[in-house]
Structures are given as structure tokens and as C-alpha cells.
Amino acid sequence: MPPMTEQKTDRDFRPDADWWRGAVIYQIYPRSFQDQNGDGIGDLVGITERLEYVADLGVDAIWLSPFFTSPMKDFGYDVSNYRDVDPIFGTLGDFDRLVEKAHSLGLKVIIDQVISHCSDKHPWFQESRVSRTNDRSDWFVWADPNPDGTPPNNWLSIFGGSAWTWDSRRMQYYLHNFLASQPDLNFHNPAVQDALLDIMRFWLERGIDGFRLDTVNFYFHSEGLESNPVVKAEDFNASTAPAVNPYNFQEHLYDKSRPENLKFLQRLRALMDEYPGKTTVGEIGDSQHQLDIMAQYTSGNDKLHMAYTFDYLGGSFDAKHFRQSIDATEAGAPGGWICLAFSNHDVVRHASRWATHGQQDQFVRLASTLLLSMKGSVCLYQGEELGLTEAELSFEDLVDPYGIEFWPEFKGRDGCRTPMVWQSTAPLGGFSTAAKSWLPVPFDHLGRAADLQIASNDSVLHHYRAMLSFRKQHPALQQGGIKTLDAPEGVLAFTRAAKGETLFCAFNMTDQPVTYALPEGMELRPSGAPGISEEPVGGSLSLGPFAAYIGTLAGR
């Protein structure tokens, strides 16, 4: 009789449910990553062909910005069919092959879900606007005018003007927090919630590993339609919208960030928990209350897994701002989990937003070391690993409606969305064989093309790869706690600790050298971190301009 073998259960094959905690996610903007069919616009097949490059970076997952069927008024963030791929990008079959290839390379796949609003071309809205009595008449936010014909309240659109647009068919206004062609769905209607959750199940069944939830705090509005109050002068900031946008003049108490959202997020989490190892990361845009909202949305293991705010997608690059943000997060959301990012498809690339002229490479290396050392999961935006800067575009080149509306004080988002540069000597940087790409390829980006940096051991790209590898070797950096330390002006210092390991991290965030007298009794051993300053001598650490140091606490 042959020996009995141990029977494996389903539990033995379950994926790591916490893979997202401390993971590094690489954001791909599909229009601008790689054009395979030669029409000047990136596509899914092009992404699939470039996945080895992404895997070689050492990241854990990719996040795909929207690729769904869309009129492209907001370049995919206006969805007209949630269950299909826009022909510009390919087919569902192309998507399935992308997921298969990514998984074979050890990469998870996260996709954008834009469910706070859809396109006005979506069949749901086309039916809703026909009458006040049809089956989907209350799937969107409709309101009667004031007696004088004006909109029902003072709510503003982030993209400019009133958040209300008149519809002559129903003789009512409909709500849109963004473009008038992006009507807001009515989450107070359970049928709307059911339909959206069913769409998310559709993609989970196709094998995706999670969702990035666009404008996750915009889902609900106050049914009382109260006007928003004027923001207090001391609370005014331009982290959610550019400073020239009157949207910032209001405290958005009634048009977003409503308490009803918590119950929907619990429904969403219940769906996600049916699929072990899947994750959610929410985008929270609220200038006055974002930390409180993040704490609410990510606490308790029954809502979002993680969320990202705009603390580091704006603000200043200085030690004071960063320490305040870290300390505030630790105090205000101790049970939450943040997703960190310095750049994405909506903001000026940080290499331009923060860098001191003439020291760009030093700055970019420091920024990457800092980002990958802070507590939280991390999103890297395509091209930042090359040190790409914000493209300077003429008004005639703009396609972003946001930039066109607020030009020239705010130039929109096109400057961070220009195509990736793969080959320094190829037309359009190897992005496309077309005569012209949907946005221009900046000439100065060609000198930072991937092929040049792959061939150079001291490139920014190689630093990213080395730092990502270092992060994976140290649990303290992936999932450890964080404690900020007093340091000289301009220096951010903290410790990260987990599983018996404590790392001391110090970052000179200025363009001048700094000497840092270490805390009394602190003994450090070399950590092997890439590109760091020399080891301390006599209890003193010398940090050059935009220099970093990471050491291991002796005995820890």
C-alpha cells in the first residue's frame, strides 16, 4: 500500500491577502505608454509588449488608468460602457492577454474604476434624461430650478463653473462634479449601487487583482441640496484644485465626503472579500478633511484597504511639511494605510514641481529614496523612474479640457501625460510609428530615454531599480512603523521598525550641505542602501545637497 500523501486544501492555495501592504504599484497611462498599432495613441497590446521592462523595475503591481469605452471628453474618465475596452485601446481579448502576461511576470493588475460619474453617452443617462418617470429616472442627480430659474444651490464643478447643467427634456438640472458630459450617478438609489458592484464583479471574474477608485469621496451628495459654506481663510488651500479655481473658495460639506459613503464602502469590501487577495485603493480629494476621511475609509478592515491623499502630490518639498504630514497621519489615522505618490496623471511631475534648477538628478534620486522609505504602499507614475520632467506645451497642443479652461495660469494635465520615451534616436522616442502622437514627445525627454538609462549603471533608472530591490529586502520599509526624529533645519529624519529590524533614515531636502549630530547613544551599522552618504563619523553625519542616509540601528 503506497504511503498516504498529505491532502492540500483550498486554504493552501490562497494568495497572500496582505500583498498590497507596502507594495509598490506602477501606474500606466494607456494612451501614453506604447502604441503598437501605429495610430499615435497607446494601446493594451503595446502595454503587454513592455511589461518585462516594468517587471525588471522590481515593482509588485501595475495600475491601468481607464481603458473602457468612452467618448474621451475626459480621456477615459467619462465611461460609456463599463464592461468593454474602447477600440482605441484594443479588445477584451487584448486585456485578458495583458493580465495573463502580467501574472506570468509576477505583476498584479489593478484597474481604475470611475463610478462616481459616467459619460452622458452612457445608456443609463440617455434613458434617465428622457423623462421623470422612466425606469432610470432617478439613477442620476436631478433637481428642479429655483423659482428664478437658477441652479438649486451654489455647488461648483472642479472643471469650472456651476456643477449643475440644465436639461430641456426634463426641465431640470443634473449634477456633475466634473465636466457637464460627466453626470453624477445617484448613489442614494440602491439599484445604482447594485449595478456598479456587478460591474466590478465582472472585472474580478476576469482575474484582476484590485481597483483604484477614482474620486472615492464623491459618491454621495446631501439629499437636502444645501449650499456649501465659504471656506475659512485659515483652512483655504489648493491641494484638490489649482489656486486659480474658484472651487477652492467653498468648504465642500454637502456635495461630497458624505457619511452615507461608509455603508457603500462596506458593501464594496464585502464583494472584495469574496475574492481573496484582491485590494482597493481610493483617491480622496478633500482639501479640508482628507485625513479624517482617510481614517474613516481605511479603518476597521471592512472598507477600503488603503487610500491616497494629496499631501505629497502638492505642497512644498521641505522637511517641515513632510514631518507634519507624517505625524498628522500617524495621529489622525493610526489604523489606516496610506498609498504614497509624488506624481501621477493629474499633477505636475515632481521632477519639475520640486526640483532645484541644476541639481535635478540629485533631487530625483533623493526623492525616490525618500518615497520608497516612507510608511505606506507606493505608486510610481510611468516615466518618473527616468526622471522625466513636466513637458512645456503650447496652447495649440493642449487637449485637456481642464487646462484649456484655466490657461495660462493653470496649464492642465497634458504636460505630465506625454508619451514614454523608449529609444533616444527613434522617431517619437520609440513610442509610436505614427507620423504624430496624440501629444508631442518633448525633445528634452529623448536624452532620458529608457535605452540610454538601461545602458548606464549610474542612471536614475538604475537607482530606482536598486532602491526597489533594497526595499524588498527590508520588512521595516515595507510594513514597519514610523517615528519622526528631531533633525537640523531642512533634514527629515525618522526610524522604520519591523520584525526585529530598525532602520534610521535621514534626508537633506535642501540644496546646501548639512551636518547632523546624531542622537546621543545611537550606533549605526551600514545598511547597504544604494546611493547614500558616507557612514557617520564620531556621531556626526555629513549630508551633501539632496543627500540621503539609511543605516541599521546596532542591536536592532
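Tutor: Begin with E52, which is partly exposed at a relative accessible area of 33%. The scale runs from buried (under 20%) through partly exposed to exposed (over 50%), with a 1.4 Å probe and protein chains only. Two cautions come first. The model is predicted, so local features need pLDDT of at least 70 and side-chain atom pairs pLDDT 80 or more, while totals for chains, interfaces and linings use all residues. Numbering starts from 1 along each chain as its sequence is written, and side-chain values use heavy atoms, leaving out hydrogens and water.

Student: Which residue does E52 meet in a salt bridge?

Tutor: The partner is K101, at 3.0 Å, N to O. A salt bridge needs a side-chain nitrogen of Lys or Arg within 4 Å of a carboxyl oxygen of Asp or Glu. This pair links distant parts of the chain: E52 sits in helix α2 (residues 51–57) and K101 in helix α3 (residues 92–104), 49 residues apart. Helices (H or I, at least four residues) and strands (E, at least two) are DSSP runs, numbered from the N terminus. K101 is partly exposed too, at 23% relative accessibility.

Student: How many salt bridges does the structure hold?

Tutor: There are 27. One of them joins E127 to R136, with the closest N and O atoms 2.8 Å apart. E127 is partly exposed at 26%, and R136 is partly exposed at 24%. Another joins E260 to R258 at 3.9 Å. Here E260 is partly exposed at 29%, whereas R258 is buried at 17%.

Student: Which residues are linked in a network of salt bridges?

Tutor: The network links D74, D346, D400, R413 and R417. Keep D346 and R413 in mind for the pockets.

Student: Then how is a pocket read, and what lines the largest one?

Tutor: On a 1 Å grid over the protein atoms alone, a pocket is an open set of points where a 1.4 Å probe fits, with protein on both sides within 12 Å along at least five of seven lines; lining residues have an atom within 4 Å of a point. The largest pocket has 41 lining residues, and D346, V347, Y402, F410 and R413 lie nearest its centre. D346 and R413 also belong to the salt-bridge network. Ala, Val, Leu, Ile, Met, Phe, Trp, Tyr, Cys and Pro count as nonpolar, Asp, Glu, Lys and Arg as charged, and the others, Gly among them, as polar.

Student: What classes line the second largest pocket?

Tutor: Five nonpolar, twelve polar and three charged residues do. The second largest pocket holds about 420 Å³. Of its 20 lining residues, N237, S287, Q290, D311 and S325 lie nearest the centre. Helix α8 gives the most to this lining, with five residues.

Student: Last, strands. Is β16 covered on one face or both?

Tutor: Both faces are covered. E501, L503, C505 and F507 are buried on one side, and T502, F504, A506 and N508 on the other. Two strands pair if DSSP finds at least two bridges between them. β16 pairs with β15 (residues 491–498), antiparallel, over eight bridges. V491 stands opposite N508. Two residues separate the strands of this hairpin, where K499 takes a positive phi near 50°. β16 also pairs with β20 (residues 548–553), antiparallel, over five bridges. There, L503 stands opposite T552.

Methods
Grid points are joined across faces, edges and corners, and a volume is the space filled by probe spheres set on the points.
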